[in-house]
Amino acid sequence: MARKSRKTDFVSSGFPDRNAAGTAAETQVRHPVFRAGLYARISLESDADRDRNTVETQMELLKKFAEQASDLAAEKEYFDISRTGTDFERPGFDEMMQDIRNGRINCVIVKDLSRLGRNYVETGNYIERVFPFFDVRFIAVTDGYDSANGEAGLAACMSNIFNEYYSRDLAGKIRAAHRSSWEKGRCVAGSLAYSLKRDPGDKYRIIHDEEAAAVVARMYVMFLAGKTYAEIAGIFNEEGQLNPRAYKRFKSTGRIPDSFDTRWQPRSIPKLLSNPYYMGDSLHGKHSHDSFREKKKQAEPEENWVIVRGTHEPVVPAEVFEEAQKEMERRKERRRKPKNPGKYSVADRNFFKEKIVCVDCGKTMYLQRYGRSGAVFNCGSYVLKKQCSSHRIHDTDVYEKVLKVIHAHISVYLDRVEMIRRLNRRQESIDKYDVFGREIRRCRRELEKLAGSRERLYEDYVSRLLDAEQYECFKERDTAREKELRARLEELSAHRTGYSADFCTDREWEKVIDAYRNKRLLTKKMVDAFVEKIEVCADRSLKIRLVYDDMLKELAGYAGERAAEYGE
C-alpha cells in the first residue's frame, strides 16, 4: 500500500568513533522528502524581458525558497518561454508532468499561481485533482499557497479567476490597440506580404525588399501582357526565382532546407496579384481568433476589415493594380461562360475531369474535339509531351459503360436490401431482434452502474478511504470493464440492425441510391456521387471504381450469410 505520510524521514549520518576516548554522541541528519520541480513561465520574451532576465529572476526566487526550506530539495528546473498561460500545451510543463508520472519529482514550486496557468478551470483542476492524485505537493511562493497546509482556500480560487480575467481583458486591450494603430497606418502585427518588410529604423513602417519587389512588378507586367498564371510561374521557375515561402526562409536563415519546395505554383500568382498591399494600402482584421485562448483562425466579415489607404510606397501604381483586378475578373468570366455560346462545347461534355486517368502512366485523360460533333478522351502525357500512347476512346463509350456500372450497382443494392428485409419479417428474425435488444439494455444498465461506481470511488479517494495506489487499481479495473461493455454494445447494435424489419445501410449511401435509382441519363451530379476513379486501358477497356464498391461487397456478403442461415 502506498505511503500516505509526508513527514520527514530521518537517517543516521554518522557513527561513534570506537577508537576515540569517551563516548561519541551519535548524530542524525534530517533528509528532505520532497524532490521539487521548479517551474518558470513567461508569456512573451522580448528584448526588454531579456534585459530584466524575467525567467531567470523567477528561477532564482524558487531556488532560494527551496534552499531555505528544510524539507525541500530542488531536483530539476523547467522553463516555458513565450508560452501563454491560457492553455497547458507547453513543452516545459509537459516535461514536468512526465517526470511526475515517472516519480522523479513529488513537488512543484512556482512563483505565483499565474505562472502555472491563467485558465482558472484547468488551473484549479491541476491544483485540486491532478497533483493530489499523484501525491504531489504544490507551492506558489508569492501567493503564499502550499498544498501541504490544506486545500485551496478562497484566496487561491479568486486568484485563479482573476488571472484568467486578466488574460481576457489583456487580449481585448491588445486587439483594440492593434485596431487603433492600424487606423493610424502603423504596422504592428502579423507577417508582411512577399517583397515587403519592416523598416529597421522604424518597426511600424513598411518598406520594399527591392529584389523581391522587382519580381512582383514583372508579374503584373506579364499578366497584363496576356500571360497565364501557369506561364508566369513557369518563367520564374526557369529563372530560378525562389517562391515567397522559400525566399522568406532564405532571408531569415541564410539557407534553405532540402525539404523545401522552392518552385512557384500557378495558384499562388492570383493571390499575389490581388493583394492590396502592392498598391500601397494596408488590410487588417481579415481573420481573428475565436477566443482569447484559441489559436485557430476564423474569417471575419468584410465590414469588420480595416483598410488604410497609402500607408507605404506602392510596388506597382494604383492604376496598374486596378487594371490587373479587372483582367482577373474578365478571365474568371470567360471560364464561367461557354467558349462558343449557343454552340457545342467540348468542356460541357466532360463529367469526369481528374477522375478519368490513363492506366499506364496515371495522367488525366483530356477530352478533345473529334470530327464535327464528336469528342474523344486522350492520355494527358500523349497530348502534352507525346509520351505514353493516346489510349483514345470516344466519350459516348465512356458515358455508356459508366452508366451501366452505376445501374448494376443500384440494382444489386436494392435486391440485397429487399431480400434482407423479407427475411427479417420472419418470426425467427423477430425473436433474434428481441434477444439482441434485451442484451443491449442489460449492457447499458451495467454501464450506468459503472458510472455511479466511478463517482463513489473518487469520493472514497478524496475522503482518504482509499490511497492513490488502490484508487488507480480500481479505476483501471472499471475502465477495462467499461471498454469491454462498449465494444459489446457496438457489436450487439450491429447484429440487431441486421435483423431489423426496416433494415437499412449507411444513410448517405441510401440517400444517393434513392436519388438516382430511376435516372436513365448520366449527369455530372451522378458521376460526382458514384464515381471514384476510371482507368482507361490501351485496348479501350475501362476499369471503373465506384465510391460505394466496398460497402456493396460487404452488403452482398452479409445477404449471402443471411440467405444461407434460412437455407435460401
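# Questions on a predicted model

Buried residues make up 36% of the 568 residues in the protein chain. The model is predicted.

Biologist: How many helices and strands does the protein chain have?

Modeller: The model is a prediction. Its protein chain holds both kinds of element, and the count is 18 helices and 19 strands.

Biologist: Of the contacts with a separation of 6 or more, what share comes from residues 24 or more positions apart?

Modeller: Take the contacts in the protein chain with a separation of 6 or more. Residues 24 or more positions apart account for a share of 63%.

Biologist: Is Cys379 buried or exposed, and at what relative accessible area?

Modeller: Buried means under 20% relative accessible area. Cys379 is therefore buried, at 0%.

Biologist: Which helix holds the buried residue Cys443, and what is its relative accessibility?

Modeller: Cys443 is among the buried residues of helix 14, along with Phe436, Gly437 and Ile440. The relative accessibility of Cys443 is 0%.

Biologist: Which residue just after helix 14 takes a positive phi?

Modeller: Helix 14 covers residues 427-462. Just after it, a positive phi of about 70° is taken by Arg464.

Biologist: Which residues does Ser429 touch, not counting those up to four places away in sequence?

Modeller: Ser429 is found in helix 14. It counts as buried, because its relative accessibility is 0%. The residues that Ser429 touches are Leu423, Asn424, Tyr499, Arg562 and Tyr566.

Biologist: At what angle do helix 13 and helix 16 pack, and what is the hand of their crossing?

Modeller: Helix 13 spans residues 395-424, and helix 16 spans residues 507-516. Their axes are 11 Å apart and the angle is about 115°. The crossing of helix 13 and helix 16 is left-handed.

Biologist: Which residues of helix 16 meet helix 13, and how does the contact divide by residue class?

Modeller: Helix 13 brings His409, Ile410, Tyr413, Leu414 and Arg421. Helix 16 meets them with Trp509, Glu510, Ile513 and Tyr516. The residues of this contact divide into six nonpolar, one polar and two charged.

Biologist: Which residues is Met222 in contact with, leaving aside neighbours within four places in sequence?

Modeller: Met222 lies in helix 7. It is buried, because its relative accessible area is 11%. The C-alpha atoms of Met222 and Ile235 are separated by 9.9 Å, with the two residues 13 apart along the chain. The contacts of Met222 are Lys227, Ile232, Ile235 and Phe236.

Biologist: Which residue just after helix 7 has a positive phi, and of what value?

Modeller: The residue is Gly226. Its phi is about 110°.

Biologist: Where is Asp135 found, and what is its phi?

Modeller: Asp135 is found in the loop between helix 5 and strand 6. It is partly exposed, because its relative accessible area is 29%. Asp135 is not a glycine, yet it has a positive phi of about 60°.

Biologist: Where is Cys388 found, and what is its phi?

Modeller: The loop between helix 12 and strand 17 holds Cys388. The relative accessible area of Cys388 is 39%, so it is partly exposed. Although Cys388 is not a glycine, its phi is positive, at about 60°.

Biologist: How far apart in space are Glu122 and Phe88, C-alpha to C-alpha?

Modeller: Glu122 is found in helix 5. It counts as partly exposed, because its relative accessibility is 34%. Glu122 and Phe88 are 34 residues apart in sequence, and their C-alpha separation is 8.2 Å.

Key. Residues numbered from 1 in each chain as written. Predicted model: local features only at pLDDT ≥ 70, side-chain atom pairs only at ≥ 80, totals over all residues. Heavy atoms only, no water. Axes fitted to C-alpha atoms, helices over the stretch in contact; angles between N-to-C directions. Helix = DSSP H or I, 4+ residues; strand = E, 2+ residues; numbered from the N terminus. Left-handed = near helix turned anticlockwise from the far one by under 90°. Contact = heavy atoms within 4.5 Å. Nonpolar A, V, L, I, M, F, W, Y, C, P; charged D, E, K, R; others polar. Buried < 20%, exposed > 50% of the residue type's maximum accessible area, 1.4 Å probe, protein only.
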